[in-house]
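Subject: Structure for your files

Hello,

Please find the structure below, followed by notes on what was found in it.

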Protein chains: 2
Amino acid sequence: MLELAILGLLQETPMHGYELRKELATKLGTIRAAISYGTLYPTLKRLQTVGWITETAADQTIVPPMTSKRGRVVYKITAEGKERFADLLAQAGPETYDDAGFGVHFAFFARTDRATRLRILEGRRRRIEERREGLRDVLSRANNRLDAYTLELQRHGLEAYEREVRWLEELITNERSGRTPSGAADSRDLPADLAGDASPETPRPHQDRP
Amino acid sequence: MLELAILGLLQETPMHGYELRKELATKLGTIRAAISYGTLYPTLKRLQTVGWITETAADQTIVPPMTSKRGRVVYKITAEGKERFADLLAQAGPETYDDAGFGVHFAFFARTDRATRLRILEGRRRRIEERREGLRDVLSRANNRLDAYTLELQRHGLEAYEREVRWLEELITNERSGRTPSGAADSRDLPADLAGDASPETPRPHQDRP
DNA sequence: GTTGCGATGTATCGGCCCGATACATCGGTG
DNA sequence: CACCGATGTATCGGGCCGATACATCGCAAC
């Protein structure tokens, strides 16, 4: 799942690990607080060995600091990596509907075609509905087996599920009626490769120091 | 964190692994969907080696099935385990305030004294407030750097944080005014072992459905 | 001016936890 | 009696986290 997020960000622009972590944090903020380096670097290494990203020496002309020794490492997505990213975005397995998986997929919906978006939203809704029903069963059946605090916890969780289902329903309706959340361009018309140079009103996905 | 939950359940009654998993699921339903056996059994083993629980052969007189071969294993909490459970419940570290940690602690609030409950609720509130502020910063500062879907994801996450803070605030107010969610007995007076049967009356802290 | 501190930056290690898998028994129903 | 779903115990590979270590840069305080 993290692999997908990394490929997605590197598709926008090459970065080094530290930047990647920050971008990941703002992009997925609500989904995963902040990715650990103990996760990030091994994952980057893994992505290199399978050839989806490459490691390039720091671009000295643009970014002077860290001149010697253990210099910065800039990661860049490969052509094969772009293919894999597209594949991963399009194909939705069961892990696409859990909290982390759904969040990452959703964060890249601007790069996903409408059919896939709908499929994922509906899969997610189904997943949450299942959890909601399970919780309702517990609450109705085991009402006197649980103490008040535990019940309150369940009640609060149930409310959160109900709210999420409503949210998903709204998104699904919007998708069906052709509207994206607030007018983002539909990805069907995108060049499939907008790599480094950002779209007009999407200024610098990331601002490097002047 | 899982250790705490296991000790808590075994304090109510001895169980074998399969039961434990089910009880865990209903008790923590909203927190962690269902604990994996790949987590449960190693954890039980670990708890045995440190001496907080013991493994006893299945009680044949009561539970006849699984008569031979790889029989059921019933786990029971030890005296030291009870002490550790009390310690873990009372002392709140940083991990007490993350999603999993808070959920487990909350699920055993009926066994926690009021001062500790307040401390934990306030710590959790602070934690969520921090996340909320971070998210607000992202949303206000990077409004034009993110696409509509990502923004929608953040907005939804922000709303969830705001809702949780309100929920916590309500719980804190209730605690301060001496009311537990619905009148569960304060744990100071409990016999430390109330096993299976629950509180007689379980009204709603928060009234909702008819 | 140098000292020290906070932000930037790369990397590893132990450990928790998950999903997949394997194996075995028990209580039914066809 | 054959099968099947629920019950039950257990391991393995791998993802991810928190703690930790180490190095550089920019800057402000002394």
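In what order do the elements of chain A run from the N terminus on? The order is α-β-α-α-β-β-α-α-α-α, where helices (H or I, at least four residues) and strands (E, at least two) are DSSP runs numbered from the N terminus.

A note on conventions. This is a predicted model, in which local features need pLDDT of at least 70 and side-chain atom pairs count only at pLDDT 80 or more, while totals for chains, interfaces and linings use all residues. Residues are numbered from 1 along each chain as its sequence is written, and chains are lettered from A and ligands numbered from 1 in the order in which they are written.

Chain A overall

Of the 210 residues in chain A, 30% are buried; a residue is buried if 20 or more other C-beta atoms lie within 10 Å of its own, exposed if 12 or fewer, and partly exposed in between, with C-beta atoms placed from the backbone. Among contacts in chain A between residues at least 6 apart in sequence, 67% join residues at least 24 apart. Two residues are in contact if their C-beta atoms, placed from the backbone, lie within 7 Å.

The sheet of chain A

The 3 strands form an open sheet in chain A, in the order β1-β3-β2 and with antiparallel pairing. Two strands pair if DSSP finds at least two bridges between them. The edge strands of chain A are β1 (15–16) and β2 (53–57), each of which pairs on one side only. β1(A) is joined to β3 (residues 73–77) of chain A by 2 bridges, and these strands run antiparallel; A:M15 has A:Y75 as its bridge partner in β3(A). Between β2(A) and β3(A), also running antiparallel, there are 5 bridges. Here A:T54 has its bridge partner in A:K76 of β3(A).

Helix pairs of chain A

Helix α1 (residues 2–12) and helix α4 (residues 79–90) of chain A have axes that come within 10 Å and cross at roughly 125°. Axes are lines fitted to C-alpha atoms, for helices over the stretch in contact, and angles run from 0 to 180 degrees between N-to-C directions. α1(A) and α4(A) are therefore oblique to each other; angles under 35 degrees count as roughly parallel, over 145 as roughly antiparallel, 65 to 115 as roughly perpendicular and the rest as oblique. The crossing of α1(A) past α4(A) is left-handed, a term used if the near helix is turned anticlockwise from the far one by less than a right angle, with right-handed used if clockwise. On the α1(A) side the contact is made by A:L4, A:L7, A:G8 and A:Q11, and on the α4(A) side by A:G81, A:K82, A:R84, A:F85 and A:L88. The residues of this contact divide into 4 nonpolar, 3 polar and 2 charged. Ala, Val, Leu, Ile, Met, Phe, Trp, Tyr, Cys and Pro count as nonpolar, Asp, Glu, Lys and Arg as charged, and the others, Gly among them, as polar.

Helix α6 (residues 114–141) and helix α7 (residues 148–176) of chain A have axes that come within 9 Å and cross at roughly 155°. α6(A) and α7(A) are therefore roughly antiparallel to each other, and their crossing is left-handed. The contact of α6(A) with α7(A) is made up of 12 nonpolar, 2 polar and 13 charged residues.

Chain B

Chain B has an open sheet of 3 strands in the order β1-β3-β2, with antiparallel pairing. Its edge strands are β1 (15–16) and β2 (53–57) of chain B, each pairing on one side only. 2 bridges connect β1(B) with β3 (residues 73–77) of chain B, the two running antiparallel, and B:H16 has B:V74 as its bridge partner in β3(B). Helix α1 (residues 2–12) of chain B packs on the sheet and touches β1, β2 and β3 of chain B, its direction making about 95° with that of β3(B). Helix α3 (residues 37–49) of chain B also packs on the sheet, touching β2 and β3 of chain B, and its direction makes about 105° with that of β2(B). β2(B) and β3(B) run antiparallel and are joined by 5 bridges; B:A57 stands opposite B:V73 in β3(B).

One residue of helix α6 (residues 114–141) of chain B is B:R131. Is B:R131 buried or partly exposed? B:R131 is partly exposed, because 18 other C-beta atoms lie within 10 Å. The C-alpha atoms of B:R131 and B:L47 are 33 Å from each other, and the two residues are 84 residues apart along the chain.

Regards
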